[in-house]
Amino acid sequence: MRGLLGRLIPEHPAIRTGLRWKLSAAIALVGALVAIALSLVVHNAARVSMLDNSRDLAIERIQVAQRMYESGRTQTFGVKVDDPTIPRDLLQKVLDGRRATYVSAGAHGVPDIWAALPLKDGRVLSLHTRFTDRSASVMQDLDQALIIGSIAVVFGGSALGVLIGGQLSRRLRKAAAAANRVAAGETDVRVRKAIGGVVRDETDDLARAVDAMADALGQRLEAERRVTADIAHELRTPVTGLLTAAELLPPGRPTELVRDRAQALRTLVEDVLEVARLDGASERAELQDIMLGEFITRRVAAKDPDIEVRVIHESEVTTDPRRLERVLFNLLTNAARHGKPPIEVSVEGRVIRVRDHGPGFPEELLADGPSRFRTGSSDRSGQGHGLGLTIAAGQARVLGARLTFRNVRPAGTPEHMPAEGAVAVLWLPEHAPTDTGSFPILPLSGG
């Protein structure tokens, strides 16, 4: 299922950022824009209101000054008659017989307020005041309050974004973890149940979709497994009959070829049946306590006495000897078929290494792991159907072990240069090969 999901959802390099920080930045940006817009509106509205009040006050004062002027009394409020500094636009309106006010830019950005009106004798009475200090102080206090409020909105929005994004991010991380478990083969895991929660949102829709996809893929894989197992099972009887019939043929080269191909066909059928059983996840290990180094030495000697076995550190393990032997023999067969001698086997604690000196594993196998009907030969010219490593990996999963593959290259060798050998490593569970709990890389000849 992992390989199928990997093909359906290709990976692309991308910059990884947290969802909570994206939401926080987005809310903070929107909050900042809204705060700036509202601040400008409030600032301009307050300024216009204060200027209107100053104009009304200037009009009231100049009207009082007009009555005092016409009655011959002393002028107040600093009004002037025919002031030469009166702005031209204001003067033009007054000469047209209208009473008017005017705002001009003064020193230090403080506006000047002008008011003027025509007198009966044709002269112009004008009043020139500045924006009051109290009004300027009020505007400064207002601007300061708006700035503080805007900053508070930004930080509050950021905190809210972190809170909301953190909650959503946790649900998505739980969903991703559950989906990875499903991809790893845990078919009983359900993403919707893993994320939990009372509130229903789009995350729940995504979880249900992933669960539905996993169920559909599981049903498809199970159907394929059953078809494969049924076909292989039906082939056992005719293949057995073929082998029996081949034994009755007269001696000779043609007979040897028929027997060889019939035996290869029987081996293929048995391997396909074993793969189908392993895919069904119904296999269970029959555990026994064994001395790992002694066990590996005896089994390798029985298969090929020329293969060197080094027991670096003996260890007692609890495992299934039959399945462990199956994994070991498949790794040795792959090394002999697709690699080159000498083949070396080492045992260190609970770690078993099988190395050959051939061209190495193909890049597809290193990247995706063993795949049925894909051989371990980098040039694909070797014999075999690619089921040996698939069975080894499946039996390792039943044992709770981990099977890894790598190629041997001297330090500093470019990746495009041919490898100097291949190493398959079987990590049995609860292994502790050294006092520090690490897994040292063994010195390899020629590496």
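Good morning. The structure is a predicted model, in which local features need pLDDT of at least 70 and side-chain atom pairs count only at pLDDT 80 or more, while totals for chains, interfaces and linings use all residues. Residues are numbered from 1 along each chain as its sequence is written, and side-chain values use heavy atoms, with hydrogens and water left out.

I begin with the interior. A nonpolar core here is a set of buried Ala, Val, Leu, Ile, Met, Phe, Trp, Tyr and Cys residues joined through side-chain atoms within 4.5 Å. Buried means under 20% relative accessible area, exposed means over 50%, and partly exposed lies in between, with a 1.4 Å probe and protein chains only. The largest such core has 32 residues, and Ile 296, Leu 324, Leu 331 and Leu 426 have the most contacts inside it. Two or more residues each are given to this core by α8 (292–303), α9 (321–338), β8 (344–348), β9 (351–356), α11 (387–398), β10 and β11. These names follow DSSP runs, numbered from the N terminus: helices are H or I of at least four residues, and strands are E of at least two. The largest share of the core, six residues, comes from α9.

Which residues does Ile 296 touch, not counting those up to four places away in sequence? They are Val 309, Leu 328, Val 345, Val 347 and Ile 352, where contact means heavy atoms within 4.5 Å. Apart from this core lies another, of twelve residues, among them Leu 51, Ile 59, Ile 62 and Ile 113.

I turn now to strand β10, residues 402–407. Its covered face carries Leu 403, Phe 405 and Asn 407, and its uncovered face carries Arg 402, Thr 404 and Arg 406. In a regular strand the side chains alternate between the two faces of the sheet. Strand β10 pairs with β11 (residues 422–427) in the antiparallel sense over six bridges; to count as a pair, two strands need at least two bridges found by DSSP. Asn 407 stands opposite Ala 422 in β11.

How many salt bridges does the structure hold? There are five, a salt bridge being a side-chain nitrogen of Lys or Arg within 4 Å of a carboxyl oxygen of Asp or Glu. One of them joins the side chains of Asp 82 and Arg 123, at 3.3 Å from N to O. Asp 82 lies in the loop between β1 (80–81) and α3 (88–95), and Arg 123 in the loop between β3 (111–118) and β4 (124–130), so this pair ties together parts that are 41 residues apart in sequence. Asp 82 is partly exposed, at 42% relative accessible area, and Arg 123 is partly exposed at 37%.

Another salt bridge joins Glu 294 and Arg 298, at 3.9 Å from N to O. These two residues are four apart in helix α8, which means that about one helical turn separates them.

Arg 299 also forms a salt bridge, with Glu 325, their closest N and O atoms being 3.3 Å apart. Because Arg 299 lies in helix α8 and Glu 325 in helix α9, the pair ties together parts that are 26 residues apart in sequence.

Finally, Leu 38 has its place in helix α2 (residues 19–70). Leu 38 counts as exposed, at 52% relative accessibility. Thank you.
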